[in-house]
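Please consult the sequence and structure shown here alongside the text.

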Amino acid sequence: MPPQFEIFSGTHAASVESTCQEYGLSREEFSELHKRCVAAKSTAYCPYSQFRVGASIISVDGAYFNGANVENASYPVGTCAERVAFGKAVTEGHRKIKAVAVATDISPPASPCGMCRQFIREFCDFKTPIIMFDKDDNYTVLRLEEMLPLSFGPEALPPPGSRLV
């Protein structure tokens, strides 16, 4: 049986406040992430799956970046919403991310795919919260370390220019 996760109402002030305290976010940051990832869904290009995904991330400097999934007739060439948002952040000089939010049109909330989890790992601390919203604005939150246990990141690789023997 798959693990069960607690789902909270995005309109229940006490739940949101508790989430913000537990994950080191202000109420304004949580609200902005929610608003932005839901809005980003409307920019998705998904003529094949019809599965809209919106993402929003906030850097440790307080800058927000949004993304939506972009599909392609050659399916593996498509890009997920999370990687679009991270690509924007990284190319604008923001490489340390405080929180990630994702929204879909299904219920319960959907998590980032495996490829996106590894991509997120490159730029986030293990304790980074990943907030996942469903079609009804309900949400669940997991830390990156819960979503990608036993992961490796840039610190596990040899420094550029070094040789392994």
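The sections below proceed from the overall fold to individual side chains.

## Overall fold and dimensions

The model described here is predicted. Its secondary structure consists of five helices and six strands, and these elements follow one another along the sequence in the pattern β-α-α-β-β-α-β-α-β-β-α.

The protein has a radius of gyration of 16 Å, which agrees with the value near 15 Å that a compact globule of 165 residues would have. Along the principal axes, the C-alpha atoms occupy a box of roughly 55 × 40 × 40 Å.

## Burial and contacts

Of the 165 residues, 41% are buried. The accessible surface of the protein comes to about 9,200 Å², of which carbon and sulfur atoms supply 56%. Among contacts with a separation of 6 or more, 62% are between residues 24 or more positions apart.

## Packing of helix α4

Helix α4 spans residues 114-123. Its buried residues are C116, I120, R121 and F123. Viewed down the axis of α4, these buried residues fall within an arc of 165 degrees, so they line one face of the helix.

The elements against which the buried residues of α4 pack are α3, β4, β5 (129-133) and α5 (144-147).

## Salt bridges

The protein has a count of eight salt bridges. In general, side chains of opposite charge can pair when their charged atoms come close.

One of these pairs joins R52 to D105, with the closest N and O atoms 2.6 Å apart. R52 is located in the loop between α2 and β2 (53-59), whereas D105 is in the loop between β4 (97-104) and α4 (114-123), so the pair ties together parts that are 53 residues apart in sequence. R52 is partly exposed, at 30% relative accessible area, and D105 is likewise partly exposed, at 31%.

An α-helix has 3.6 residues a turn, so residues three or four places apart point the same way. The side chains of K35 and E32 meet in a salt bridge with an N to O distance of 3.2 Å. K35 counts as exposed because its relative accessible area is 52%, and the cut-off for exposed is over 50%.

The side chains of D136 and K135 also form a salt bridge, at 3.4 Å from N to O. Both partners are partly exposed: D136 has a relative accessible area of 43%, and K135 has 47%. Elsewhere, salt bridges with shared partners join E32, K35 and R36 into one network.

## Nonpolar surface patch

Which residues form a nonpolar patch on the surface? The patch is made up of Y45, Y48, V70 and Y75, which together have about 450 Å² of accessible area.

Y75 counts as exposed, since its relative accessibility is 61%.

Note on methods. Residues numbered from 1 in each chain as written. Predicted model: local features only at pLDDT ≥ 70, side-chain atom pairs only at ≥ 80, totals over all residues. Heavy atoms only, no water. Patch = residues over 30% accessible without salt bridge, like charges linked within 9 Å, V, L, I, M, F, W, Y side chains within 5 Å. Areas by Shrake-Rupley, 256 points an atom, 1.4 Å probe, with all protein chains shown as cover. Salt bridge = Lys/Arg side-chain N within 4 Å of Asp/Glu carboxyl O. Buried < 20%, exposed > 50% of the residue type's maximum accessible area, 1.4 Å probe, protein only. Helix = DSSP H or I, 4+ residues; strand = E, 2+ residues; numbered from the N terminus. Rg over C-alpha atoms; globule rule 2.2 N^0.38 Å. Contact = heavy atoms within 4.5 Å. Arc of directions from axis to C-beta.
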